[in-house]
Amino acid sequence: MVTRLTLHEETTMHDHRKLGRELNLFDTDPLIGAGLPYWLPDGAAVRHVLEEYIRDVERRAGYRHVYSPVLGKRELYEISGHWAHYSDDMYPPMDVGGEQLVLRPSLCPHHALIFRSRAHSYRELPLRVAELGGMYRSELSGVLGGLTRVRAIQLNDAHIFCTLEQVAGETRAALELIRRAYGALGIHPARYRLSLPGPGGKYVADPDMWRRAGELLTEVLDSVGVEYEAVEGEAAFYGPKIDVQIADGAGREATLSTVQVDFHQPRQFDLRYTGPDGTGHRPVMVHRSIIGSVERAVAHLIEVHGGAFPAWLAPVQLVALPISEAEVPAATALVRQCVDRGLRAELAGPEGGTLGARIRDARLVPYQAVIGSREMADGRVALRLRDGRRIDPLPAAEVLARVLALTSGHSLDLWDAGASPG
């Protein structure tokens with residue numbers, strides 16, 4: 001089905017909760033529970049493409065991907081410090097076979113154990129471990145909303161185990177990955193925030209650790225030349241962090257991406273690597289997330305783009321529009337060529353109404369391929385772009401090649417400069 005919007009009119013500010021349902025991206029059901037949305041096929045397509053993009057970016061940047069369980073023993077979180085400092089946001093333990101198991105609120109303890117499971121030399125560092133993994137937060141029902149605040153979270157997470165001398169370089173590299181991803185997604189940070197500890201017992205009591213970690217992050221922010229604001233009370237319980245803030249159309253801020261320096265958990269889990277002197281040394285753990293939770297990232301993308309996602313991310317990238325029943329076989333063949341080459345394409349046949357009605361229904365699809373009798377006879381496609389431009393009929397193979405070049409390059413452009421306005 002190609003129809004995206006029925007009643008919604010594009011405005012300067014979009015609410016992803018309303019638009020996401022109108023676009024058939026996600027929904028909720030009281031039998032599943034509040035804060036536990038499910039993804040419909042088009043939403044799942046966006047999510048899948050986004051996850052694969054992030055995995056590829058990380059792989060090219062030297063990350064190794066792992067999988068780890070969403071459960072852990074309560075003792076694991078007692079060692080990490082989550083139980084003492086974060087238990088209000090965790091689900092209660094489940095008694096299973098005489099053990100207490102907990103749905104994890106974070107992936108970092110599991111990654112610390114993955115590092116600890118093998119001996120490491122200084123020559124292996126920095127060791128970058130990444131995972132798109134599930135975690136769970138016991139959020140109060142009053143703060144839940146759409147995809148921005150949920151109880152089951154798919155997090156784009158990674159932990160870099162490195163020497164103290166490598167921390168600044170790894171932090172700068174993480175910020176560069178965030179910058180590049182935002183460019184491909186067409187989103188812009190509202191501000192950078194240096195999140196520091198505040199008063200109270202929420203944080204690990206180790207002033208020297210906090211000072212060293214804060215100095216490192218400050219040095220990096222100053223060196224990359226971004227404006228930032230230092231805010232007390234927003235740090236993780238184990239260390240300060242750089243938060244990349246985004247804002248919705250109403251100006252409400254949320255954290256999307258983070259980079260954190262952690263001296264605490266390597267000490268708690270007694271993590272070590274063998275140094276050039278042949279003795280054990282403690283690594284530093286840099287936590288970083290390029291797009292944060294997939295749920296919050298998609299919510300922001302829905303609102304920023306109003307459902308008109310960048311072509312590489314769109315749930316349907318091309319719709320084939322035969323003018324009459326006679327052109328349906330040619331349009332069907334075009335859809336098959338698209339799918340075979342990795343494009344997400346659908347057929348919108350005459351049974352869906354007039355050509356004009358079908359074009360309006362598909363107005364959020366980046367590429368509309370109109371096929372009439374002349375195009376069918378010549379093996380050509382008359383392409384209409386989502387932004388209103390019309391491309392003179394071209395051979396189908398050339399159209400697909402040019403579309404693929406733009407989408408595989410994660411471009412925000414729909415066509416090259418040679419396209420003429422409609």
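Leu71 is partly exposed at 34% relative accessible area (buried is under 20%, exposed over 50%, partly exposed in between, with a 1.4 Å probe and protein chains only).

A note to myself: this is a predicted model, where local features need pLDDT of at least 70, side-chain atom pairs count only at pLDDT 80 or more, and totals for chains, interfaces and linings use all residues. Residues are numbered from 1 along each chain as its sequence is written, and side-chain values use heavy atoms, leaving out hydrogens and water.

Next I looked up helix α7, residues 207-224 (helices are DSSP runs of H or I with at least four residues, strands runs of E with at least two, numbered from the N terminus). Its buried residues include Trp210, Leu217 and Leu221. Just after α7, I found Gly225 with a positive phi of about 80°.

Then I turned to salt bridges (a side-chain nitrogen of Lys or Arg within 4 Å of a carboxyl oxygen of Asp or Glu), and the count came to 30. Glu51 pairs with Arg47, their closest N and O atoms 2.9 Å apart, and both residues are buried. Arg104 bridges to Glu131 at 3.6 Å. Arg104 is buried at 0% relative accessible area, and Glu131 is buried at 3%.

Methods:
Expected span 1.5 Å × (residues − 1).
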